[in-house]
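Open the model in a viewer with selection by chain and residue number. The stops below are meant to be taken in order.

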Amino acid sequence: MSGKRITLQQAAEIIKDGASLTFSGFTIWRRPMAIVFELIRQGRKGLHLIEVNGGPQTEFLVGAGCVDIWESCWVGHELYGKYGANLSRKVGAKEILVEDYSHAEMMFRFAAAASGAPYVATQTSLGTDIHNPAYDTLGRAGLRDGKRIPKEKYVFTDDPFFGAGPQVLVPAAKVDIAVMCVQQVGEEGTVRVSGQYYSDPEAARAADITIVMAEEIVPEEYLRRESDRNTITSFEVDYILECPYGAHPTGMFGRYDVDGAFLKDFYARTRTQEGFDAFAREWVFGHDQMSYLEKLGWPRMLSLKANTALNYSTGIKRGQ
Amino acid sequence: MTWEYATPEEYGLADLLCCAASREVQDNEIVFAGTGLPMVAIMLAQKTHAPNLKLIFEAGTLDGRPPEIPTSVGDARCEMGASRASGLHDAFSIAQRGYVDLGFLGGAEVDEYGNVNTTCIGDYLNPELRLTGSGGNPDINSFAKRTVFIMVHEKRRFTPSVSYITSPGWRVKKWPGGEFVHRKELYGAAYRGGPSAVISTAGVFRFDGESGKIYLDTCHPGKMPEEIRELCHFDLDISRVSGETLPPTREELHLIHEVLDPEQIFIPKVKKGV
């Protein structure tokens, strides 16, 4: 038996002020929201988020003032909120630094870090303002120390091997901690993700420390019976915890759907800082995971529950 | 399938855009789908004239045939029926490898060379409004042979120069200097094509094969070319208008509302006779 088990509170305590963080999931799916709420309760400051794409986790942490730097390509709530209102507000007020890469660039940056390579060559987004040297935010802020933050945002070059022409080199995404939210983890850390695994394998491998919050901790031996179905290796995971519905209001394949009504409400009410603060008082502060679930209530959670044959809920109202 | 066109009171603008987008798809193509109306359009093509199209969802579903419309590309509804459910590294590698024929994208602003902005309104360093950011827009647009943009038509959105080039059109900036060059020159061996159409709420626009400049191809029913030119901040070429955008057929409307999006997640139903 390994000693990887920790509590929700301990998971948040591992993430120190100023740490760089990345997350599992994709936009409004499989985000480690319970840990995000705990970070807000603990008053974490100065975080540097490096995300393949953003979502509600970004918006909560940014709204609560936990984040100094956001490095990614997209934030919003999909159908339930067309952009990240909290990020947008903080960008306008110059309270946060934003470093824009494209989606594929962010993905390739994590793949580079996950394979131990310092950078990767790609042909995406050539000719766009994403590559505009004047828009190198971290460079302008004097933060490119060549240690955790790369010396350059981009390097432009030509293919030296096959003469294929212009290439852009993007730096590996070096990140301190990956916070994951998955369906199952074994006692020794083996992860089994069901459904699309998004950028989870690369995120877990790129980070120095990987924390996995799962719907359930299962016997390691159970996962090893069919090892071809597993997603992340035992020894790539440092800490594990069990937290049912830990991704709410985001969704989890096979377990529960996205709580669209919750995200719509969050988006509508957190355009202003006062609105965010009121929302956080209602849903984050003074709660723990159990009282949060109690506040949501059984009927709501049952409507989100996935049909086990289909892997999504047939009970939620999605449209007009 | 019957090609019996619906009358104007039987369909809404979203139906018209969805059908126009669907008709951009050719059979056997590999199509990259973004969230929203394009998903309905592609699945509509799959059920009509392009039964062999292959659908890729950015979050990692490859050759998908979802039984119910997903609300986003990360949705649990993407996986069932797919060839593979994997991740973003697969989806973007496949795109960079050159498999993708067509991608559907959106934008807040477009210029006359098809450069699109989804990042910010106003100066990037002092924005009036920060938007969602690029997402996969520039990636799909860099990798696919053709891309189609679906946009709300407002004069401020059709501009001679976008606030920020999020997604590359036909005349793009060469860094580090930033001088404008033709896309072909910049993409080298990775050049496969570029924006092929903009479907706005006013009409369908295409790009000249040589210059890469936008022109009006069809006007949506009830719109005149001059009227659409007035809705652009650049001098829109209306000399090549080929006619009116074809309305939805009754069969397409049936598929959209009874089969693909009965919950009206992306496409509202128009009440007949109201």
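**Stop 1: a pair within one helix**

This is a predicted model. Start in helix H2 of chain A and select Arg41(A) and Glu38(A), which both lie in that helix, three residues apart, or about one turn of the helix. Show their side chains: Arg41(A) forms a salt bridge with Glu38(A), and the closest N and O atoms are 2.7 Å apart. Searching the whole structure gives 39 salt bridges over all chains.

**Stop 2: the neighbouring helix**

How do the two axes cross?

From H2(A), take Met33(A), Val36(A), Phe37(A), Leu39(A) and Ile40(A). From H3(A), take Pro56(A), Gln57(A), Phe60(A) and Leu61(A). Coloured by class, the residues of this contact of H2(A) with H3(A) divide into eight nonpolar, one polar and no charged.

**Stop 3: the interface of chains A and B**

Zoom out and colour by chain. In the interface, 65 residues of chain B are in contact with 64 residues of chain A. The area buried between the two chains is about 5,200 Å², and carbon and sulfur atoms give 56% of that area.

For the polar side of the interface, display the atom pairs. There are 40 residue pairs in polar contact across the interface of chain B and chain A, with both residues at pLDDT 80 or more. Five salt bridges also cross between chain B and chain A. For a salt bridge between side chains of the two chains, select Asp129(A) and Lys173(B), where the N to O distance is 3.0 Å.

By class, the residues of the side of chain B that touches chain A divide into 31 nonpolar, 23 polar and 11 charged.

**Stop 4: backbone exceptions**

Switch to a backbone display. Most residues other than glycine have a negative phi, and most peptide bonds are trans. The next selections depart from this in one way or the other.

In chain A, go to the loop between strand E11 (239-242) and helix H9 (260-269), where Pro249(A) lies. The peptide bond joining His248(A) and Pro249(A) is cis, with omega about 10°. Tyr245(A) also lies in the loop between E11 and H9 of chain A. Tyr245(A) is not a glycine, yet its phi is positive, at about 60°.

In chain B, select Trp175(B) and Pro176(B), which are joined by a cis peptide bond with omega about 15°. Pro176(B) lies in the loop between E11 and strand E12 (179-182) of chain B.

Where is the last stop, Asn28(B)? It is found in the loop between helix H1 (13-22) and strand E1 (30-33) of chain B. Asn28(B) has a positive phi of about 75°, although it is not a glycine.

Technical notes. Residues numbered from 1 in each chain as written. Chains lettered and ligands numbered in written order. Predicted model: local features only at pLDDT ≥ 70, side-chain atom pairs only at ≥ 80, totals over all residues. Heavy atoms only, no water. Contact = heavy atoms within 4.5 Å. Helix = DSSP H or I, 4+ residues; strand = E, 2+ residues; numbered from the N terminus. Nonpolar A, V, L, I, M, F, W, Y, C, P; charged D, E, K, R; others polar. Buried area = accessible area lost by both parts, 1.4 Å probe. Salt bridge = Lys/Arg side-chain N within 4 Å of Asp/Glu carboxyl O. Polar contact = N/O pair within 3.5 Å; in protein donor to acceptor, adjacent residues only side chain to side chain.
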